[in-house]
Amino acid sequence: GMCQLVWHFQVSSALKEGHVTPTELCQRCLALIKSTRFLNAYITVAEEAALKQAEESEKRYKRGQPLGVLDGIPIAVKDNFNTAGIETTCASNMLKGYISPYNATVVQKLLDQGAVLLGKTNLDEFAMGSGSTDGVFGPVRNPWSYSRQYKEKSVSKSHSEDEESNWVIAGGSSGGSAAAVSSFTCFAALGSDTGGSTRNPAAHCGVVGLKPTYGLISRHGLIPLVNSMDVPGILTRCVDDAAVVLGSLAGHDPKDSTTIQDNFKPFELPSLPDVSKLSIGIPKEYHAPGLSSEILALWSKAADLFKNAGAKVIEVSLPHTRYSIVCYHVLCTAEVASNMARFDGLEYGHRSDMNKSTESMYAATRREGFNDVVRGRILSGNYFLLKQNYENYFIKAQRVRRLIANDFLKVFGGGVDILLTPTTLSDAVPYREFIKEDNRTRSAQDDILTQAANMAGLPAINVPTALSERGLPIGLQFIGRSFQEKQLLTVAKWFEKQVKFPMIQLEEVKRHNHDVFQHQKSASFS
């Protein structure tokens, strides 16, 4: 129950009081990464570097001078953030073997706070996808596939290949980061979110996934997909931890001109959040075709929780929602096309051996380096950007994007504080079902409830809510006003306390489950 979710003997105090050392913590996580290797959550594990960082952290604790709450805390980073000295692949042949000379700003900030970087996590190639199934290192498996909760619900046929084919996807494109947090191999992980890529896998893996307001966190060193929508995302096991990580990442970065100019003041969330004075909006357009009846029921149950706590709950309308996904596709592929032009085999990344001419080398490099999904998006993006199509598609889509942003402004201007919506249409699908449809169809369905927040640049968070009839996580999404992360996270924390989402019971991990590992069972490090 609750005591497991926010466990009062938290890791930070365990570190401060010397009950566990950063090195022990790091070794536990590394051992767990090894024993859960079948999840395919990590592309690269930086064992030596991590142990070295843990050792440095240990010295600081011994001197009684830790750098803050993140000192000694094991974290993981999605493999589309540059990391000095550790390969950054974007799960693509194009970048296999690429080692960046510098750290992304967010990675640097975490390291400066003493966090211990365990490794880089798996994703869809160049973060294009909603399953974490399309990278060159193979699909990520959802840890809940191996949970007691799912196994008890999925009618087991006595033969063993059944389990082999029944595992479900982790969601995407930050599936590796979500799976890593969910399986206790790290305490927090970075994802990226362009159309829902942090919130979607968070929902499927039963963790908290925060997409901050556009411009609150630096994108410098995040390999771009859609510059005007990308934001680094935060994955943790509880809302308080997301607030701590946000506090250490947010603020102006001279290397990213789109970041806010003002200083960001890290905040602590109230220990007894109160929602009685708030107004919660329920956008009717999010009752989308394909929304499972289970999620619909949970959504209204959640609305009732707010009502019973004295909040105003109002149905609102965001009329342009239905054009949103088409508009997103046009803008997204157009920006992808221009961003991917840099991978030409000349400066960095994969270069083809076809040496007939620069032109054929370009073409071959991109054929060998990119998968079909990436090539497909580049092609449609370039099509929308052709002179004869530019007015019809790109300019129109930008106009619609403004209308979508205005829908939100109107609702928030009318006194609504927070919007409550589903995060996904259903719980996680078995991999073998998921791959029956192509990536583009899948992403269009899976991004439907999340991408409008990216188009409007608003903060949004997935909060794990309940288990489905199949024993898999379902999450709900809260969308807040621009730069009102404190309010958004306060509401999310209140909701998290109400729903008491169950702890994953991982059979495979049971045998590591003694003394120090107990600290990791706690959702919280803060």
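Guide: A salt bridge is a side-chain nitrogen of Lys or Arg within 4 Å of a carboxyl oxygen of Asp or Glu. This is a predicted model: local features need pLDDT of at least 70, side-chain atom pairs count only at pLDDT 80 or more, and totals for chains, interfaces and linings use all residues. Residues are numbered from 1 along each chain as its sequence is written, and side-chain values use heavy atoms, with hydrogens and water left out.

Visitor: How far apart are the closest N and O atoms of K34 and E47?

Guide: Side chains of opposite charge can pair when their charged atoms come close. K34 sits in helix α3 and E47 in helix α4, 13 residues apart. Helices here are DSSP runs (H or I, at least four residues), numbered from the N terminus. K34 and E47 form a salt bridge, with the closest N and O atoms separated by 3.2 Å.

Visitor: Is K277 buried or exposed?

Guide: Buried means under 20% relative accessible area, exposed over 50%, partly exposed in between (1.4 Å probe, protein chains only). K277 joins D274 in a salt bridge at 3.7 Å, N to O. D274 has 48% relative accessibility, so D274 counts as partly exposed. K277 has 71%, so K277 counts as exposed.

Visitor: Which class does E433 fall in at 34% relative accessibility?

Guide: E433 forms a salt bridge with K436, the closest N and O atoms being 3.3 Å apart. K436 has a relative accessible area of 63%, so K436 is exposed. At 34%, E433 counts as partly exposed.

Visitor: How many salt bridges does a search of the whole structure find?

Guide: The K436 and E433 pair is a salt bridge. A search of the whole structure gives a count of 13.

Key:
Helices (H or I, at least four residues) and strands (E, at least two) are DSSP runs, numbered from the N terminus.
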